[in-house]
Each structure stands twice: as C-alpha cells, then as structure tokens.
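User: I would like to learn how to read the main features of a model like this one. Can you take me through them step by step?

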Amino acid sequence: MTKLESGLMSLFACVIFSGNLFAAGGTVTSPTSIAPDRYVYYPGTEELSKDEIRVIACGTGLPAARRGQAATCFLIETGNGDKFLFDIGTGSMANIASLMIPYEYLDKVFLSHLHTDHMGDLLGLWAGGWTSGRPNALRVWGPSGQTEEMGTKYAMDHFLKFVNWDKVTREYKITPIPGQIETTEFDYRIPDQVVYQENGVTIRSYPAIHTGDGPVSYKLEYAGMSVLFSGDTVPNKWFIEYGTGVDLAIHEAFQTPEQLVKYYNQAPQLAWRACCEFHTSPEAFGKIMSTIKPRHAVAFHFFNEEGTRYGMYEGIRSTYDGPLSMAVDMMVWNITKESIVERMAVSTEDAWSVPGTAVQPPPQKGVPNPMSKEMDNGRWLPAFRAQDKMLDKHMEKYNLGEQDWRPKMYEQFE
C-alpha cells in the first residue's frame with residue numbers, strides 16, 4: 001500500500017477521538033440503549049460545554065455553486081452561546097437554515113472580502129431571517145478598501161439600495177428594525193487588530209492577498225482556543241506569523257490548474273494563475289500548515305469529489321503530514337483543549353425557522369403605506385370574505401382583536 005493510499009484509508013475510514021481510534025458509535029450495552037459516541041452531529045441536540053467551540057462548514061466550494069457544495073461559509077459557535085458567520089457565499093443559506101438555529105442568534109456576519117462567492121447569500125439571511133422572526137438588525141463586519149467605494153460600508157449601503165423595494169414593503173407589512181444592517185468597517189491593512197471583543201470572544205483581522213486591496217483573514221479566540229479563517233488569499237507572511245500554533249486553521253486550497261481546465265472550463269492561462277497566483281495551491285497549503293503546525297488543518301475552496309479529491313490530497317500531503325480535513329459542506333469540528341473531533345452534520349432538507357427567546361414586534365404605526373389606493377382597490381372582496389371564519393379562529397386563539405386589519409380594508413369596498 002502506498003503512503004497516499006494509507007493516508008486516504010485513515011482519512012475516510014476512521015473517526016478520531018482524543019488521538020484514539022474507536023469503533024463507530026461505541027459499545028451499545030443493552031438492546032434498548034443508545035450508541036454512546038455519536039459519529040455524526042444532529043443539529044440542535046448537543047449543548048456546547050462552556051469551554052468548547054463548534055465549527056460547521058456551510059459552504060466549501062467554488063463561485064459556480066452547485067447543490068452538493070455551496071460557496072464559502074463557516075459558522076463558529078462558542079460555549080457562551082454566541083454564533084458567528086464567517087463569509088456567507090452563494091448557496092450557503094440553505095445549509096445554514098438546515099441547522100434550525102433561531103435567526104435572532106444568526107445576526108453577526110464577518111466578511112473576508114466582497115466577492116459574491118463570499119457574500120452572495122447575505123441577501124437570503126437578511127430577508128429570510130426578517131420574515132422568519134429575527135427581531136434585531138443584521139450586524140456585518142468587514143474590511144475597508146483602497147478607496148471608499150471598495151469598502152464594506154459602501155457595499156452594505158448600496159445593498160440596501162439594491163433591495164429598496166423589498167425593504168420598504170417589508171418595513172410596512174412586518175416591522176422595520178430587522179431590515180436594518182449595522183456595518184462595522186475596519187482598516188484592512190492593520191495586522192492583528194481587534195475588530196470584535198464581547199462576552200469572552202475576541203476576533204482579530206489580518207491582511208490577506210487576493211485580487212486587490214481589501215481582503216482579510218480572521219482569528220476567533222475563546223476559552224484559550226483559537227480558530228483561524230483565511231478567506232481568499234495567497235500564502236502570506238501574516239498568516240504564518242499569527243497562525244503559528246492555532247487550534248483549527250481553515251485555509252483555502254484551490255483546485256489544481258489541470259482540474260480547472262478539465263472540470264471548470266477555464267482556459268489554461270487562467271487556470272494556472274487562478275490556482276497559484278491569486279489563490280493557494282494544495283502544495284502551498286501544505287507548506288503553510290507544516291510551518292504553522294496547527295492542532296488541525298482544514299482545506300476548503302475546491303469541489304471535493306471523486307475526480308478531484310485525490311489529486312488535491314496528494315498535493316497537500318507532498319508538503320504536510322499533520323492532522324487534516326478535506327472540507328465538504330456540513331462537516332463539523334468540535335474543539336476542546338483535550339480534542340478536536342470531526343464529524344458530519346445530519347440535517348433536514350425541509351427545515352422551518354425555530355423561535356428563540358425574543359419576539360419580533362408587530363408593525364410600527366406611522367410607517368408609510370407603499371401601496372397606492374389604485375392598486376389597493378383592486379382586491380376582490382368575495383375571496384377575502386371566504387377566509388373570515390378561519391381568521392376569526394386565529395384572532396381568538398392569539399388575542400389579536402386589537403390588531404384586526406380587516407375592518408379598515410373592508411371599508412374601502414363599501
């Protein structure tokens with residue numbers, strides 16, 4: 001058996017617990033007992049300990065997102081109850097939703113840069129969370145740019161202009177506050193700067209080198225542990241200097257040039273630059289990890305399938321022989337000072353939103369109606385009357401008499 005085959009056997013056939021290998025599920029002690037060691041993660045069934053971090057890959061692929069792999073997004077949960085989204089690339093919102101986390105807790109987004117495969121599903125989180133009960137504004141952190149219009153604040157301000165019709169109509173029909181975006185922009189050029197510090201969690205940013213000024217990497221520190229997320233970057237001195245000895249190092253490892261030509265329809269002259277001039281190749285990823293020596297390394301930003309994963313793995317293993325995950329969507333890492341456990345999340349494709357502790361307020365009085373009388377008068381009364389009996393029961397059950405919207409509307413038909 002070759003070294004590569006041996007490594008693949010270990011990678012795909014074993015689950016690692018504190019450095020020891022156990023049979024999947026552990027020992028079942030009676031016909032009615034459960035398997036004590038869950039080798040998959042069922043969202044919403046495991047409470048984090050106070051000194052624990054959980055990382056869930058909600059997007060690990062390429063800009064041309066597909067059903068099997070969304071674009072970049074990692075959710076980091078800490079033992080104090082906080083939850084942070086690092087990037088929210090195209091297609092990732094479906095994976096986030098499948099975790100069935102109340103949207104009031106999914107209100108902190110840290111953008112590494114402004115390519116759509118790292119921020120494209122902000123739209124889904126913004127509107128989906130609003131309509132599913134988020135009572136608070138969405139909070140977004142991100143880097144400045146070389147000019148004002150290349151920065152995160154400019155992007156978020158113009159995002160709200162892009163969705164203005166959506167925003168104005170929901171503000172009237174639902175409630176305005178959840179439609180707001182609170183943007184914190186920071187200088188992308190400053191290494192190791194603290195951009196967030198609350199409730200025992202510190203998040204630092206570092207310059208990254210990609211396709212223009214602005215991209216950053218992030219390090220989250222909690223309970224004496226750290227997770228370093230590269231975003232998109234070529235190998236750079238800041239990741240090496242500040243990444244040494246982190247617990248979990250998440251770094252891009254881009255598709256090889258030949259894979260980009262063969263599978264991704266890229267011209268050869270673009271493929272070798274995309275892989276290795278403004279992204280990080282598998283070999284370069286391995287060199288980074290063998291230098292900083294994290295407790296565990298995570299490679300992402302490639303389509304992980306039969307035609308590609310072995311070439312990617314071989315490239316990484318040519319320069320790195322430490323603990324490694326070849327990321328796919330819904331892969332999970334539980335981090336404590338004693339162990340780092342990798343599993344896969346098992347979640348429903350038919351997720352509903354889950355209520356949290358806060359209740360979204362009703363519509364605010366005084367918000368202008370965006371509907372003209374001409375359009376409003378086009379309602380067909382018989383169908384509205386047909387639903388009155390059903391609505392009366394709902395009104396009585398939830399004590400909504402003071403909020404009954406029908407009398408005012410029916411006056412228009414008289």
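**Reading the features**

Analyst: Start with charge pairs: a search of the whole structure finds 20 salt bridges. Keep in mind that this is a predicted model.

User: What is the general idea behind such a pair?

Analyst: Side chains of opposite charge can pair when their charged atoms come close. Here, arginine 170 forms a salt bridge with aspartate 166. Their closest N and O atoms are 2.4 Å apart.

User: Why are arginine 170 and aspartate 166 separated by about one helical turn?

Analyst: Because they are four residues apart in helix H6.

User: Next, sheets. How do strands pair?

Analyst: Through backbone hydrogen bonds, either parallel or antiparallel.

User: In what sense do S7 and S8 pair, parallel or antiparallel?

Analyst: Parallel, over three bridges. S7 covers residues 108-110 and S8 covers residues 138-143. Phenylalanine 110 stands opposite tryptophan 141 in S8.

User: Which elements give two or more residues to the lining?

Analyst: Helix H6 (164-173), helix H12 (373-376), helix H14 (388-398) and helix H15 (406-411). By class, the lining has 13 nonpolar, nine polar and nine charged residues.

User: Last, the domains. How is the protein divided?

Analyst: Into domain 1 (53-344) and domain 2 (373-411). The C-alpha centres of domain 1 and domain 2 lie 45 Å apart.

User: What feature does UniProt place at residues 70-279?

Analyst: The unreviewed UniProt entry gives "domain: Metallo-beta-lactamase" there. In the model, that span, residues 70-279, is 31% helix and 26% strand. Its end C-alpha atoms lie 18 Å apart.

Methods: Residues numbered from 1 in each chain as written. Predicted model: local features only at pLDDT ≥ 70, side-chain atom pairs only at ≥ 80, totals over all residues. Heavy atoms only, no water. Nonpolar A, V, L, I, M, F, W, Y, C, P; charged D, E, K, R; others polar. Domains from an automatic or database assignment. UniProt positions renumbered as here; feature names shortened; annotations may be inferred. Pairing = 2+ DSSP bridges. Salt bridge = Lys/Arg side-chain N within 4 Å of Asp/Glu carboxyl O.
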